[in-house]
Amino acid sequence: MSRASVLTGPRRGVEWEFDKVNLSREISRNVVTKILVERAEHGGWELDRVRIGSDGTRRVILRRKIIRAVRTA
């Protein structure tokens, strides 16, 4: 259902992890909302893009920042 990848953002040092989710047209809007809200609340994802295909499938791209620890000493 999903696939994650890592890309670097336009600002230096900011990296984003992207997750692609494909949802069938048979899934209701309320269920899709619940799925995406749960991913946001528990996984730290935010909505990047939604595309609805001509066949009714929803292609959702979620993103979240990758925070890398910097060694100080």
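Guide: Here are some labels, each set against its cut-off. Keep in mind that this is a predicted model.

Visitor: What makes β3 and β4 a pair of strands?

Guide: Pairing needs at least two bridges between the strands. Strand β3 (residues 46–52) and strand β4 (residues 58–66) have six bridges. They therefore count as paired. The sense is antiparallel. R49, for one, stands opposite I61 in β4. In the hairpin, five residues lie between the strands, and G56 takes a positive phi near 95° there.

Visitor: Why is V50 called partly exposed?

Guide: Buried means under 20% relative accessible area, and exposed means over 50%. V50 has 42%. That value falls in between, so V50 is partly exposed. V50 sits in strand β3. Together with L47 and I52, V50 makes a nonpolar surface patch of about 300 Å².

Visitor: Why is D19 called buried?

Guide: The limit is under 20%. D19 has a relative accessible area of 3%, so D19 is buried.

Visitor: How do you know that R39 and D19 form a salt bridge?

Guide: The nitrogen of Lys or Arg must lie within 4 Å of a carboxyl oxygen of Asp or Glu. Here the N to O distance is 2.0 Å, so the pair qualifies. R39 is in helix α1 and D19 in strand β2, 20 residues apart.

Visitor: What makes E17 and R64 a salt bridge?

Guide: The limit is again 4 Å. Their N to O distance is 3.1 Å, so they pass. E17 lies in strand β2 and R64 in strand β4, so the bridge ties together parts 47 residues apart in sequence. R64 is partly exposed, at 26%.

Visitor: How do you know that E46 and R63 meet in a salt bridge?

Guide: Their N to O distance is 2.7 Å, which is within 4 Å, so they count. E46 is in strand β3 and R63 in strand β4. E46, D48 and R63 are linked in a network of salt bridges. The whole structure has four salt bridges.

Visitor: What makes up the largest nonpolar core?

Guide: Seven residues do: V21, L23, V32, L36, W45, V60 and L62. Two or more of them come from each of β2, α1 and β4. Members must be buried and joined through side-chain atoms within 4.5 Å. L36 touches V60 and L62.

Conventions
Residues numbered from 1 in each chain as written. Predicted model: local features only at pLDDT ≥ 70, side-chain atom pairs only at ≥ 80, totals over all residues. Heavy atoms only, no water. Helix = DSSP H or I, 4+ residues; strand = E, 2+ residues; numbered from the N terminus. Patch = residues over 30% accessible without salt bridge, like charges linked within 9 Å, V, L, I, M, F, W, Y side chains within 5 Å. Areas by Shrake-Rupley, 256 points an atom, 1.4 Å probe, with all protein chains shown as cover. Salt bridge = Lys/Arg side-chain N within 4 Å of Asp/Glu carboxyl O. Buried < 20%, exposed > 50% of the residue type's maximum accessible area, 1.4 Å probe, protein only. Contact = heavy atoms within 4.5 Å. Lists of a residue's contacts leave out its neighbours within four places in sequence.
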